[in-house]
Amino acid sequence: MPEDLADVYRSTYRALVRFLYRKVWDAERAEDLAQEAFARALVHKPENARGWLFVVAANMARDEARRAARERHHLTLLKSEPEAAPGAVEDEIDASTQGTRVRAALDQLTPRDREALLLWDAGMSYDEIATQTGLARGAIGTTLARARRRLVEAYESRSEGQNVARG
Amino acid sequence: MSHVDDGALHAYLDGELSPVEREQLEAHLADCSACRARLDEERGLVERASQLLGLAQPPERAAPPPLHQLGHPRLMWRLRMPLAWAATVVVAIGFGYVLGGGTYRGGPPPASEPIRSVTASSTAESSAGPVEVAVAEHAERQRAEDAPRARAARPTARREADKVPDQAAANVHIDGAAAVPAERRLAAAPPLRLDAIVVTSSAETGRAAARDQPVATAWPIIEREAARALLGTDPVGVPGVPVRDLRRSPAGDAVVLVEQQVDSATVIQLFQRRIEVERVAREAAPTAALAPQPAAASLYGGTERLARFVGSLRVEIAGPLPADSLNKLLERARPIP
């Protein structure tokens, strides 16, 4: 293995959890998925462990989101808060905080813009983001510029009413 | 060099320009105050975006387990769960058989068997894992129903239990402690009231029971018109949830069942009957199975049977969802045209 997976584990675990958390919005689940990704890396011994881990994590988060969407389906019939993740204590605590508003703002981004931004925030380089997303290397700056602008605008434009509605 | 685009500015700020590109950009910035102003603007944006993402952080947790521990234990755990599940099913069926056999006294259910005797008692009967719970439920029902009625209900229940091992397994999760309050309830049963919210525990844990439904396969599927005739009005359902089928009670007691598909794995059931019929049935057997029981919602975390009046109908809801979800669904129940 060109990279020592133990080093990657130390340096990347938190970033991977953070990356996953912003997709599944459940801290415990994010940790589970991150550990699962590393467990798979132990078996597969990928060349570029870090990039590989984020690809696997993104796929797992997508599957997770589909599953959660199915599970949440009945809840969305009941509540006016489709973004509520099931069983996440953290979300309860966060409910009235800025974190929820950031989450809502992130939801306003296109999947590709959001992915690029989350990968950048997880410590990925433009080259790695390009590989991961299939975007051209030269398009990453523009993508990030757009993603950041939309995130900030969506966040700033959200009224306080949203938080009240959640109560 | 013409003015730089946003992408280049962000790449510059992110330190992702090649040395040549960076030099060119800096040369331009030195001459162009407009682009310098934009650079400051974009820098503010980058910082703000990063700050916002920082607000959406998972809470810090204990250090992760050592890497080498990630592989096998989790795999084992995953294997163990289904095995444990299978074991509880076997145990539960065993208990259910013994218990059911012990109380079997023969005889088919009377034609006027109310719906509750079929579904609720089958659930309790099959929750034989914790014998105390089943016994307590029995005792309670026995008190609630007159004796011949209760005995007659059992053969039905046993058949149901044999058919649905999954349901038995789900019930095993209630520990023995639940039986104590259940027994206490016997002493403190309030007078029966027609308008009380009925909560009939089926001793299930919510999520674990997701696959399990009180079965009504013996209930014939009927057309909309037939349901309307039985109810004297449109059947009641939760708007926006596809209706899977309409059924009627095989007992000929004018109970209609609306089954709705919440998602591929979740079906809710709305048992409904005209209030007049309800009242007649109640007068005929004042302590019959449809009678309210003391609130059990706090005793079990799992599926409860909640009831509500919708128009001229009394509607009970059941399904593998938490009680509060069922309650909210029930609140939304409307006549479905």
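**Figure 1. Lys45 of chain A is an exposed residue.** In this predicted model, Lys45(A) has 12 other C-beta atoms within 10 Å, so Lys45(A) is exposed. Lys45(A) is found in the loop between α2 and α3 of chain A. The backbone deserves a look here. Lys45(A) has a phi near 45°, which is a positive value in a residue other than glycine. Most residues other than glycine have a negative phi.

**Figure 2. Ala254 of chain B also has a positive phi, in a loop between strands.** Its phi is near 65°, and Ala254(B) is not a glycine. Ala254(B) sits in the loop between β3 (243-248) and β4 (256-263) of chain B. Is Ala254(B) buried or exposed? Ala254(B) counts as buried, because 20 C-beta neighbours lie inside 10 Å.

**Figure 3. Helix α6 of chain A has several buried residues.** Helix α6 covers residues 111-121 of chain A. Which residues of α6(A) are buried? The buried residues are Asp113(A), Glu115(A), Ala116(A), Leu117(A), Leu118(A), Leu119(A) and Trp120(A). Just after α6(A) comes Gly123(A), with a positive phi of about 100°.

Figure 4. The spatial distance runs from C-alpha to C-alpha. In sequence, 108 residues separate Arg14(A) and Ala122(A). Arg14(A) belongs to helix α1 (residues 5-24) of chain A. Arg14(A) has 17 other C-beta atoms within 10 Å, so Arg14(A) is partly exposed.

**Figure 5. Tyr13 of chain A has contacts in both chains.** Leaving out residues up to four places away in sequence, Tyr13(A) touches Ala34(A) and Pro64(B). Tyr13(A) lies in helix α1 of chain A. Why does Tyr13(A) count as partly exposed? Because Tyr13(A) has 19 C-beta neighbours inside 10 Å, and a residue needs 20 or more to be buried. Tyr13(A) and Ala122(A) are 109 residues apart in sequence. Their C-alpha atoms are 10.0 Å apart in space.

**Figure 6. Helix α5 of chain A crosses helix α3 of chain B.** The helices are residues 98-107 of chain A and residues 33-55 of chain B. Their axes come within 8 Å. The crossing angle is roughly 120°. That angle makes α5(A) oblique to α3(B). The crossing is left-handed. Which residues of α5(A) meet α3(B)? They are Gln98(A), Gly99(A), Val102(A) and Ala105(A). Their partners in α3(B) are Leu52(B), Leu53(B) and Leu55(B). By class, this helix contact has 5 nonpolar, 2 polar and no charged residues.

**Figure 7. The contact between the chains draws on 39 residues of chain A and 36 residues of chain B**. Which helix of chain A gives the most? Helix α8(A) does, with 9 residues. By class, this side of chain A has 22 nonpolar, 8 polar and 9 charged residues.

**Figure 8. Chain A is built from helices.** Chain A has 9 helices and 0 strands. Of its 167 residues, 37% are buried. Now take the contacts in chain A between residues at least 6 apart in sequence. Among these, 61% join residues at least 24 apart.

Figure 9. Chain B has 12 helices and 8 strands. Of its 337 residues, 42% count as buried. Among its contacts between residues at least 6 apart in sequence, 75% join residues at least 24 apart. The mean pLDDT of chain B is 66, and 50% of its residues reach 70 or more. Over residues 102-214 of chain B, pLDDT is below 50. This stretch still has 227 contacts in the model beyond near neighbours in sequence. Residues 286-304 of chain B also stay under 50. For them, the model has 67 contacts beyond four places in sequence. Where pLDDT is low, the predicted coordinates should not be read in detail. For the complex, the predictor gives an ipTM of 0.79 and a pTM of 0.45.

Note on methods. Residues are numbered from 1 along each chain as its sequence is written. Chains are lettered from A and ligands numbered from 1 in the order in which they are written. This is a predicted model: local features need pLDDT of at least 70, side-chain atom pairs count only at pLDDT 80 or more; totals for chains, interfaces and linings use all residues. Axes are lines fitted to C-alpha atoms, for helices over the stretch in contact, and angles run from 0 to 180 degrees between N-to-C directions. Helices (H or I, at least four residues) and strands (E, at least two) are DSSP runs, numbered from the N terminus. Angles under 35 degrees count as roughly parallel, over 145 as roughly antiparallel, 65 to 115 as roughly perpendicular and the rest as oblique. A crossing is left-handed if the near helix is turned anticlockwise from the far one by less than a right angle, and right-handed if clockwise. Two residues are in contact if their C-beta atoms, placed from the backbone, lie within 7 Å. Ala, Val, Leu, Ile, Met, Phe, Trp, Tyr, Cys and Pro count as nonpolar, Asp, Glu, Lys and Arg as charged, and the others, Gly among them, as polar. pLDDT is the predictor's confidence in each residue, from 0 to 100.
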